[in-house]
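Subject: Structure handover

Hello,

Please find the structure below, with my notes after it. Could you read them with the model open beside you?

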Number of protein chains: 2
Amino acid sequence: MNMESLQKNSLRGKLASGLDALFNPGSVAVIGASSTFAKWGQMILSNIVSGHFQGKVFPVNPREKVLCGLPVYRHIQDIPETVDLAFITTPAHAVPSILEGCAEKGVKGVVLITSGFSETDEAGKRLEKDIVSICREKGLTLIGPNTMGIICPYAGLFATGTHARPRKGSVAFISQSGNLGNQLIDWAEQQGIGISLFVGSGNEAVVTCTDYLEYLEHDPRTNIIMLYIESVGEGRRFFEAARRINRKKPVVILKGGRTQAGQVAAASHTGAMGGEVTVFRAACRQAGLLNVAVPSELLDLSAGFSSLPLPRGNRVGIVTLGGGWGVVTADACNEKGLVVPDIPPEIIETVGRYLPPFWSKGNPMDLVGTRDPDVPLVAVEELLKWEGIDAVVSLGVVGRFGLIRQMIQSTREVDPSASPVFLDQVEAFSHRYEEKYTTRIVEFMETYEKPVIGVSLAKTDEGTVRPVAGRRYSGVFYQTPESAVNVLARMVSYQAFIGS
Amino acid sequence: MNMESLQKNSLRGKLASGLDALFNPGSVAVIGASSTFAKWGQMILSNIVSGHFQGKVFPVNPREKVLCGLPVYRHIQDIPETVDLAFITTPAHAVPSILEGCAEKGVKGVVLITSGFSETDEAGKRLEKDIVSICREKGLTLIGPNTMGIICPYAGLFATGTHARPRKGSVAFISQSGNLGNQLIDWAEQQGIGISLFVGSGNEAVVTCTDYLEYLEHDPRTNIIMLYIESVGEGRRFFEAARRINRKKPVVILKGGRTQAGQVAAASHTGAMGGEVTVFRAACRQAGLLNVAVPSELLDLSAGFSSLPLPRGNRVGIVTLGGGWGVVTADACNEKGLVVPDIPPEIIETVGRYLPPFWSKGNPMDLVGTRDPDVPLVAVEELLKWEGIDAVVSLGVVGRFGLIRQMIQSTREVDPSASPVFLDQVEAFSHRYEEKYTTRIVEFMETYEKPVIGVSLAKTDEGTVRPVAGRRYSGVFYQTPESAVNVLARMVSYQAFIGS
């Protein structure tokens, strides 16, 4: 081992603890803070303040006095208290001297939002080398440059350009594209997916995606890792880390630049080449990583892996309120290598007690539009109890409320004889029933340690993930059966891989 | 040609004109109308009335006097005016005599909601044969049985169990599953997809999906046909019709029961076997039909085909506000067989005038988060003008408003010095800009006869399809690039097929 790699390794040891301090700061500065709407110094500052960051916030700008109601400092060195983390949004040419100032102040780390470095031209590349030297020399940990920020929900720190506020959870997301990352965080918020950390890693001049990965290995809040990657600097180190970590915490990867057109696009925007795709794919397969094709799949898998127990095998029970959805779900299962086994007469008899004589009597269990609210729960639990089933897909119970509400609305409008009190009761009951159903299937998952994946079949106001207070698992309700079945199939493969 | 087929053909001639009268009725009866919330007779009646059906509505029920404020008739024969179409929701055993009554009354056609026929058991099969005989004998056109209803937006007739109200448009949807069909109609409403007709075809005892297809061939309001099919009775006739019609009006098919598990499920719920899947697939390919894998794809293709000009080739220009989305879109294009060509220096120079020097200068055109509202339009139009491009995918302009609104909200909350008037102006401008952008790209599509497919990247309150008054095409904004690219690839294949 030569001096350089010794130095690198020692830097890495420091990095993990350094990152921990960065992602749990007691105080932050925003250097380049601004009052001009939609400038980066304004977007980051207003996001941190309105996101209710728990620590202290110090705006820095030599030409301002007060921003967001806070006193502004001319230089970072003028701040009279400790600063753990500094965000920098000034023009690129000013960055080296600001970094020197940060080091002098004893700032632990820097998120360098500023662009205009290696992603642009030769001058930018040189400037990036300069700042790396400063960081190495002064022991500064640097995220970026050319990042769109970070989110640390447990610290109440929302410091991205877009102002999404995902809830606290167990999914960490490292993205080499800030733009794509920010948008996916917005989706995560809408889908109710809980986030432990989001980092737009930018140009990765100092801290690389492998460093983040190694940090997340020991982050107790993180159970699932999502990565959007265009290029990996040290492929071997990356895959060694990813393979090791994936056995404990599923690593879900979207690789941008899988095709010729995608590589050209990636090269023009990050300045880095993506490397050989077939090699990347083979390495992912070997490490058992969850390689996905599209951004929405990152979210789908995160929702499922963070909320459900892993299935022990590939045998699926399907419970549906209508035949067609059962058919398309059964098709999706078979096409993804999942089995939809025949179910034994005892289960058919038990569930059949609640249903008209001409019900499907098979798997999918088509409950022929039953209105008895207990029947879907009976069907789901009977399937879970049976040793011949590893997972249940439940279609159309949670999500039906929107359709019921529409019907109630029509009835109110056109039927003067309909009792408003009765309609209110139906509405309230239907709404509560979705909560009750969610709670029961989450309890079932704890009892039987098998996943129940819901399909809402509707665009609902509530998210994909619906946590239940005090429970280890959460309800998960995808809009479409294909999403549910895809996630289930990936969970089956993952379980088979880590069990092998 | 024997007597039976002569009779069948003559019946078919009558069917087409018969269906036209059914789907544009001047008056409807609901036999089995009810005041009990969520009974079929209540759901259908309240939907028809609250949907503002333009004609007359006659509830029929021997035990009621007034329903939805309308006088109720004991029997259909008691109605003193003409009845064009009757919905029947009574128990199955009562249906034969009701059909006789309908024939006596001179009703043109019947939508038989009632289940309990060939989809259940031997007795149900016999009962279905009986009603078919009655219909043949009396010349009654019958939709169903075991259907969840029909929607004729141009007649203002919403007669399904769920109360979705899709807007008028050019997409007809025939579904052999009522449950799945009704839910997809709800999606169509949310996505802004305009509907010319929806029919849940049920057991197809009299009118079959091929009959509907032949009817739609000559329906001037219908330009796109969506089918959800589990089994086709007369495969040869169906594919002959579909092949002929598909050359004029794209026929998009989701086949339920493609796998062993799906076939079992389909057989248990319709009582019909699905036939050989590979044969079905080959026949679709030969006829150039748009065979899709999942329900959401039916909607995606309907949105695109009903709103955009067909691309003349497979060369795509990509315009993005951020690098990562450009990369994943370029990947999706290549993976679907679309080309992302290098663009000539003239276009780079023209667009470059509006951008900082380090912009991507290639395809995808990454406008590096520009805030100049004219630049995306310049980029899109420059690409459309160039003969080397057949279609443009535009990412992230329409859809950004939600993120901007969040930022404005944060700023209002935390920055007492921010001008509320200015923030209101920004909000109003940003909102109007999305409309302006939509209008401009719709105008571009008319000028250049090339499709521009938008990607919102966000879950927006507005639909996928955004019509512009007085224009032939509509704005289309999918949430994800993969949906946009998939639709574009299918349009390219379709154009190649019908042009060959």
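To start with one strand pair: β19(B) and strand β20 (residues 474-478) of chain B are antiparallel partners over 3 bridges. Helices (H or I, at least four residues) and strands (E, at least two) are DSSP runs, numbered from the N terminus, and two strands count as paired if DSSP finds at least two bridges between them. Within this pair, V465(B) has V476(B) in β20(B) as its bridge partner.

Before the rest, some housekeeping. This is a predicted model, in which local features need pLDDT of at least 70 and side-chain atom pairs count only at pLDDT 80 or more, while totals for chains, interfaces and linings use all residues. Residues are numbered from 1 along each chain as its sequence is written, and chains are lettered from A and ligands numbered from 1 in the order in which they are written.

The sheet with β19 and β20

β19(B) and β20(B) belong to an open sheet of 6 strands in chain B, ordered β16-β15-β17-β18-β20-β19, with mixed pairing. β16 (365-366) and β19 (465-467) of chain B are at the edges with a single partner strand each, so one side of each has no neighbour in the sheet. Helix α15 (residues 420-448) of chain B lies across β17 (391-395), β18 (452-455), β19 and β20 of chain B, at about 115° to β20(B). Such angles run from 0 to 180 degrees between N-to-C directions, with axes as lines fitted to C-alpha atoms, for helices over the stretch in contact. Contact between two residues means that their C-beta atoms, placed from the backbone, lie within 7 Å.

The 7-stranded sheet

Chain B also has an open sheet of 7 strands, in the order β9-β8-β11-β10-β12-β13-β14, again with mixed pairing. Its edge strands, β9 (157-160) and β14 (290-292) of chain B, each pair on one side only. From one strand to the next, the twist averages 20°. α5(B) packs on this sheet and touches β8, β9, β10 (168-175), β11 (195-200) and β12 (224-229) of chain B, its direction making about 160° with that of β10(B). Strand β8 (residues 149-152) of chain B pairs with β9(B) in the antiparallel sense over 4 bridges, and G149(B) stands opposite T160(B) in β9(B).

Strand β5 of chain B

Strand β5 (residues 85-88) of chain B is covered on both faces: L85(B) and F87(B) on one side, and A86(B) and I88(B) on the other, are all buried. A residue is buried if 20 or more other C-beta atoms lie within 10 Å of its own, exposed if 12 or fewer, and partly exposed in between, with C-beta atoms placed from the backbone. Strand β1 (residues 27-31) of chain B pairs with β5(B) in the parallel sense over 4 bridges; there, F87(B) is the bridge partner of V30(B). β5(B) is also joined by 4 bridges to strand β6 (residues 109-112) of chain B, and these two run parallel. I88(B) stands opposite L112(B) in β6(B).

A buried loop residue in chain A

I389(A) sits in the loop between α13 (374-385) and β17 (391-395) of chain A. I389(A) is buried, because 24 other C-beta atoms lie within 10 Å. V316(A) is 73 residues away from I389(A) in sequence, but the two are 5.7 Å apart in space, C-alpha to C-alpha. Leaving aside neighbours within four places in sequence, I389(A) is in contact with R315(A), G317(A), L383(A) and L384(A).

The two chains

In the contact between the chains, 75 residues of chain B meet 75 residues of chain A. On the chain B side, α2 (40-50), α5 (178-191), α8 (260-270), α10 (295-307), α11 (323-335) and α14 (401-414) each supply at least two residues. α11(B) gives the most to that side, with 11 residues.

The same surface serves both copies, as 100% of the contact residues of chain B recur in chain A.

Regards
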